[in-house]
Amino acid sequence: PQRCLTISNGTPLLGAMSGTFTVCPGTNGVAYMIPPSAGAATYNWVVPTGSSVASGTGTNSITVDFGAGYAGGTICVTATSICGINSLQRCKTISSATPGTPGNIIGAATGICGQTITYSIPNVSGATGYTWSAPSGASLASANGTNSIDINYPANFTTGQLCVTADNGCGSGAARCINIKGTPSNPGTISGLATVCANDAGIVYSIAPVFGATGYVWTTPSGTSIVSGQGTTTLTLDWGTSGGAIGVTATGVCGVSGTRTLSVTMN
């Protein structure tokens with residue numbers, strides 16, 4: 001019987017790559033290697049964006065320098081045989097150990113004059129601490145370092161930005177920020193009839209309460225009469241003989257919101 005042997009002008013599939021696959025940005029001289037491949041004349045490494053080969057070019061073992069802004073990527077290697085044939089790639093992902101951007105900040109962002117407000121974010125994978133930055137004019141009312149913070153706002157606070165970063169031994173990730181306003185937010189949708197008959201009486205309109213509001217100012221079309229509710233979230237109105245727009249603004253310690261309107265048609 002025959003005895004056969006397969007002859008190739010390339011190299012076999014490369015073995016498993018070894019090295020450190022989670023690194024801190026700014027780390028230099030990190031080693032990566034693959035086992036020597038039969039028939040290989042040279043090895044071709046492609047390193048992730050934000051890194052560079054420090055030594056070992058053309059061999060099965062290299063060291064890599066990672067820049068300060070390294071954010072993750074893939075390292076790959078092929079072997080070229082003495083006949084000039086490239087092997088299939090062997091690749092591995094190298095992640096940045098810097099924490100990611102925190103999720104959405106939870107807490108009141110409007111109507112916060114003269115109050116102490118608690119804010120929080122979900123825990124960030126890989127973070128060992130958090131750094132909060134209070135808006136200009138406000139101050140931290142609790143210890144920094146956790147995923148929750150108390151911010152103290154003065155009575156004359158206007159606007160600013162609240163930010164937080166997730167931190168660990170590799171540094172700080174990108175900041176998550178929200179805009180903060182001392183005035184209340186605009187009222188929500190006005191509930192009530194948008195079509196009425198002439199001289200309809202006792203028609204009720206309302207809005208949801210606005211955080212930080214100390215009162216509400218309603219405006220009504222000419223010919224109408226406010227029965228009750230001026231200054232509150234619920235207005236009772238008697239109509240005349242023509243329609244128009246109902247408006248409401250929220251008032252607070254630091255000022256007033258924008259106006260929410262509802263156009264009402266006379267049937």
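Ser-81 lies in strand β7, which covers residues 73-81. The model described here is predicted.

- Ser-81 counts as buried because its relative accessibility is 4%, and buried means under 20%.

**Nonpolar cores**

- The largest nonpolar core comprises 20 residues. Those with the most contacts inside this core are Ile-105, Ile-112, Tyr-119, Trp-132, Tyr-153, Leu-162 and Ile-180.
- At least two residues of this core come from each of the strands β9 (116-120), β10 (129-133), β12 (148-152), β13 (159-168) and β15 (176-181).
- Strand β13 gives the most to this core, supplying three residues.
- Another core, of 18 residues, lies apart from the largest one. Its members include Met-17, Val-47, Ile-75 and Ile-94.

**The open sheet**

- Four strands form an open sheet with mixed pairing, in the order β16-β22-β21-β18.
- The edge strands of this sheet are β16 (195-196) and β18 (215-219), each of which pairs on one side only.
- Strand β16 is joined by two bridges to strand β22 (residues 255-266), and these two strands run parallel.
- Thr-195 stands opposite Thr-265, a residue of β22.

Key: Residues are numbered from 1 along each chain as its sequence is written. This is a predicted model: local features need pLDDT of at least 70, side-chain atom pairs count only at pLDDT 80 or more; totals for chains, interfaces and linings use all residues. Side-chain values use heavy atoms; hydrogens and water are left out. Buried means under 20% relative accessible area, exposed over 50%, partly exposed in between (1.4 Å probe, protein chains only). A nonpolar core is a set of buried Ala, Val, Leu, Ile, Met, Phe, Trp, Tyr and Cys residues joined through side-chain atoms within 4.5 Å. Two strands pair if DSSP finds at least two bridges between them.
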